[in-house]
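Hi,

Here is the model I said I would pass on. Have a look at it below, and then read on for what turned up in it.

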Amino acid sequence: MAPPLLSVEGLQVQFHTRDGIVRAVDGVDYSVGRGETLGIVGESGSGKTVSSLALLRLVPPPARIAAGRVMFEGEDLLAKPERELGAIRGRRIAMVFQNPATSLNPIYSIGSQLGEILRWHEKLDRAAAEARILSLLDLVGITDPATRLRQYPHELSGGMKQRIGIARALLCNPALLLADEPTTALDVTIQAQILDLLADLRQRLGMAMVLVTHDMGVVARMADRITVMYAGRVCETASAATLFSAPRHPYTRALLESMPRIDHRYTGPRQLLPTIAGRPPGLLNPPAGCRFAARCPEAMAECRTTLPVETVVAPGHSVSCIRHGSQGIAA
Amino acid sequence: MSAALLEVENLSKHYPVLRRGILLQRQTAAIRAVDDVSFRLQAGETLGLVGESGCGKTTTARAILNLVTPSSGAVRFEGRDILPVFRKGERSEVLGIRRGLQYVFQDPYLSLNPRWTIGETLREPLRIHWPEREAEWPTRIDALLRMVGLEPQHAWRYPHEFSGGQRQRVGIARALAVEPRLLILDEPVSSLDISVRAQILNLLAELQDGLGLAYLYISHDLSSVRFISTHVAVMYLGKLVEMAPVDALFAAAGHHYTRALLSAIPVPDPGAAQSRIHLQGEVPSALRRPTGCPFHPRCAAALPVCRSEEPALIDIGPGHRLACHNPA
Amino acid sequence: MEGSIALAAPPRPPGIWRQGWFRFRRNRGGMLGLVLVGLVVLVALTCFLVAPYDPNDQSAMLRGASRQGPSWAHLLGTDRNGYDVLSRVLYGAPTALAVGLGAMLIASILGTIIGGIAGYVGGMVDEVLMRCAEFFLVIPVFIVILAVVRLFGIMVVGTALERVPHLNLMTIIALLGLFGWPPIARMARAEFLRLKQADFVEAAICIGATRRDILLRHILPNALPSLIVLVALGIGGAILAETMVSFLGFGDPKAVSWGQLLYFNYESLKVAPWGSVAPGVAIFVTVLGFNLLADGLTDAFNPRLRQ
């Protein structure tokens, strides 16, 4: 089997604060194959965004990457000197951000901020850069791209800005696209348009994608495989079909059940949503053992003392839960 | 039909677009944020008001509560025309209305005074409405906190010590303090995490059953609307385009915009064969509102008449009203 | 029942002021500012006890001992008028504080009321009040003070006002306050404008709170931290302004002021530098103290600004 395009091993990101070390990401592993889309889902504080920023060593201080390897096209990105990493950022691995309004520089026209990237990374001249930008704007579904080039971000709608953000990410033909909540700030009909666009681009360009989101619906529509994170650790990784039809980890199951469904009748006698009691643990002094144990309906005494290790339970399906076949390390 | 708890009739809120002159401003146009909206809500029911950002759903709610002054129209609460009461400003009458309908805000981080403890926040409505019953306040505050799933000792804490979900519970408790019959819930769960969302939705459902409350539930999240609502109204560019009992709307939406909205929701099920309706373009700015049906530029089923004539909201079934020349 | 609840209550957790204090304590500059300001206040309160000479004691001159360098009798020497420099500098502290606090008290009351009304009412009222604030901003305060102090000094001669102690100083304080309000009004306006649209204020309206409740219980307390920062900064500015007025010889001849000390002694800077350096250092320490304090308060109350 060919090695995956990207593999993250034992990634740890810590925030050194006055009160102690916050373990925002505490031993995360996942991999993305060529052309594959991996969805990373989790609630706020699960470490999903920090772990994806850490791939490119973009974690803001006081965060620090404490351990781990990020193998991309045969090289460890975490061991690379900053200058070489700069050539990978935006070029081989590109990012699409959550807030299209702030990810574009308001004082430059669309054409000049996109052109700068091409001149910097690809050393293209002005004419060649413009031709490439026009073809990309066309590709991301922007009508009348020649006019848009001369416009400024504030003249564009949110959906349009996100299309520009995607075009910017595609400028250098990246092998991997990191999209962090790319549609959260958008309205549903615009979200549908952007998701369609991303799905279409992935197919046409054969690009791999890491899609970070809190929205189960979005990953169901987009992802080939899904990784569920909770309190800085991976709970479960499976193909999209398996994760939704046969989730193993109690957190995944509870999360899926707790969402109201648009295709379910709630009229008649009152039905309540199954909920997860309690709150995620603080990551300053995370509990020993499984992070979910305190809220888990199936937790055993062992779960509170033993840290589960991600274990393959079926082909392509791995779970970190002692109850469901994982090995554990006594804390 | 029994008298409705809340009756909104031809409610409009227009904002003048002003151009600044040398000394005075002159009006050059008007943004019709809410345009001729009418609906009724019975006691104990929930009307889900849905639409995308800028469709006027929040302005509608704020106009009902007189947080913005409506340009025209009437709001009747328990059969009483309430806008003239706000205009007159007779304090005891205004308080009487404020006791009937309350508002829960979207952002639990902004809706609590950061300098007040939770107890102080909950004491405020009691101080305003029942100043003579001061002795009962502490027990009432305890009861309110318990009612929303918090502990009495939380009364001594400040908002910043709470999570978003807990703050939203406080916001709900504050609204319940005056014993209202109607709660206007403005996106109460959209800023919360999935697992917390379910907790708050359940809380709202239980409170409704226990206290016989009616809700006006404003949201862009159709799955939570489906869960909590008995009826749904869809807004587009300040207009009500469709209104129906919840199951009827989700099963047989008549308006092409409603259908597009429903199909745009990503369903958490990769196998779901969703027939997707691809809406072209974006919601036009309220300044450049299309003539005729406001939705016609994005509508696949638009007829020539849609361009020139605005469709009226008419009954097409039991409780189902629709504004479309060429229904699906 | 109620009693038992009160007993079971946990200790009250920190409110916004306590939290601000926790953050402030970590700020080295701010703490230094607080220490310097505290020192000045201490001196101002105790100068009557610790000063070795009466501030108006010119006996050294009669002994021919003016412009003498530091000695055991005069720790900071004597100036060209025969004053003991140390005593004069110590007695300058209450004057400086009176100017700073007095001027900013006037300015902050005016500024908060005017800016608060402008921000809360809005519309034409806002327009008129803010144009008014701009008008006050563009007037050269200094020239006005110099002119008014001189004219006033002439006008009161022969009237009952002549006997009011420190009349000149009070005029300066009043003028500094009268012209110092626009920056505070601008901040107050911005804060009131922001807070009147805050969700928790709208929630209070829904509950049925009166306008008085909203202004005094919701908006004003939340606007105070930003205003206090400006006031702390303004105190330093006012002290400096009074120093400059006194240095030009327009100060209150009967009040002991650092600026006046400089005015008396700058000509003998070469012969008796201690006469000028000591008040200079005092001014520097005081103004620096208030500025550092303001900086620390900014960090403590608006922590997001610095991230």
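Keep in mind that this is a predicted model. I'll start with chain C: the unreviewed UniProt entry annotates "transmembrane region" over residues 31-53, 96-123, 135-161, 167-185, 227-251 and 271-294 of that chain. I looked at two of those spans. Residues 31-53 of chain C come out as 87% helix and 0% strand, with 32 Å between the end C-alpha atoms. For residues 135-161 of chain C the figures are 70% helix and 0% strand, and the end C-alpha atoms are 30 Å apart.

Next, where chain C meets chain B. The contact draws 22 residues from chain C and 28 residues from chain B. On the chain C side, helix H1 (2-8), helix H9 (199-207) and helix H10 (211-247) each put in at least two residues. H9(C) gives the most, with eight residues. By type, the chain C side splits into 14 nonpolar, four polar and four charged residues.

H9 of chain C shows up again around helix H6 of chain B (residues 164-176). The buried residues of H6(B) pack against that helix of chain C, and also against strand E6 (101-104), helix H4 (118-129), helix H5 (137-147), E7 and H7 of chain B. Twelve of the 13 residues of H6(B) are buried, so the helix is largely enclosed by the rest of the structure. Among the buried ones are Arg167(B), Arg169(B) and Arg174(B), along with Val170(B), Ile172(B) and Leu176(B). The geometry checks out too: at 1.5 Å a residue, the 13 residues of H6(B) should span 18 Å, and the end C-alpha atoms are 18 Å apart, which agrees.

Staying in chain B, strand E9 (residues 231-236) is worth a look. How many of its six residues are buried? Six of the six, so E9(B) is largely enclosed by the rest of the structure. In a regular strand the side chains alternate between the two faces of the sheet. Here both faces are covered, with His231(B), Ala233(B) and Met235(B) buried on one side and Val232(B), Val234(B) and Tyr236(B) buried on the other.

E9(B) has these pairings:

- Strand E3 of chain B (residues 46-50) runs parallel to E9(B) over four bridges, and Leu49(B) sits opposite Ala233(B).
- Strand E10 of chain B (residues 239-245) pairs with E9(B) in the antiparallel sense over six bridges, and Val232(B) faces Ala244(B).

The hairpin of E9(B) and E10(B) has two residues between the strands, and Leu237(B) takes a positive phi near 50° there.

Two other positive phi values may interest you. Asp144(A) is not a glycine, yet its phi is near 55°. Asp144(A) lies in the loop between helix H5 (126-139) and helix H6 (145-149) of chain A, and it is exposed, with 10 other C-beta atoms within 10 Å. Glu187(B), again not a glycine, has phi near 45°. Glu187(B) is in the loop between strand E7 (182-186) and helix H7 (194-211) of chain B, and with 19 other C-beta atoms within 10 Å it counts as partly exposed.

Last, the core. The largest nonpolar core has 275 residues, and those with the most contacts inside it are Leu176(A), Val219(A) and Leu216(B). Leaving aside neighbours within four places in sequence, Leu176(A) is in contact with residues including Leu5(A), Leu6(A), Val32(A), Ile93(A) and Met207(A). Arg92(A) is also one of its contacts.

Cheers

How values were computed:
Residues numbered from 1 in each chain as written. Chains lettered and ligands numbered in written order. Predicted model: local features only at pLDDT ≥ 70, side-chain atom pairs only at ≥ 80, totals over all residues. Buried ≥ 20, exposed ≤ 12 C-beta atoms within 10 Å, placed from the backbone. Pairing = 2+ DSSP bridges. Core = buried A, V, L, I, M, F, W, Y, C linked by C-beta atoms within 7 Å. Contact = placed C-beta atoms within 7 Å. Nonpolar A, V, L, I, M, F, W, Y, C, P; charged D, E, K, R; others polar. Expected span 1.5 Å × (residues − 1). UniProt positions renumbered as here; feature names shortened; annotations may be inferred.
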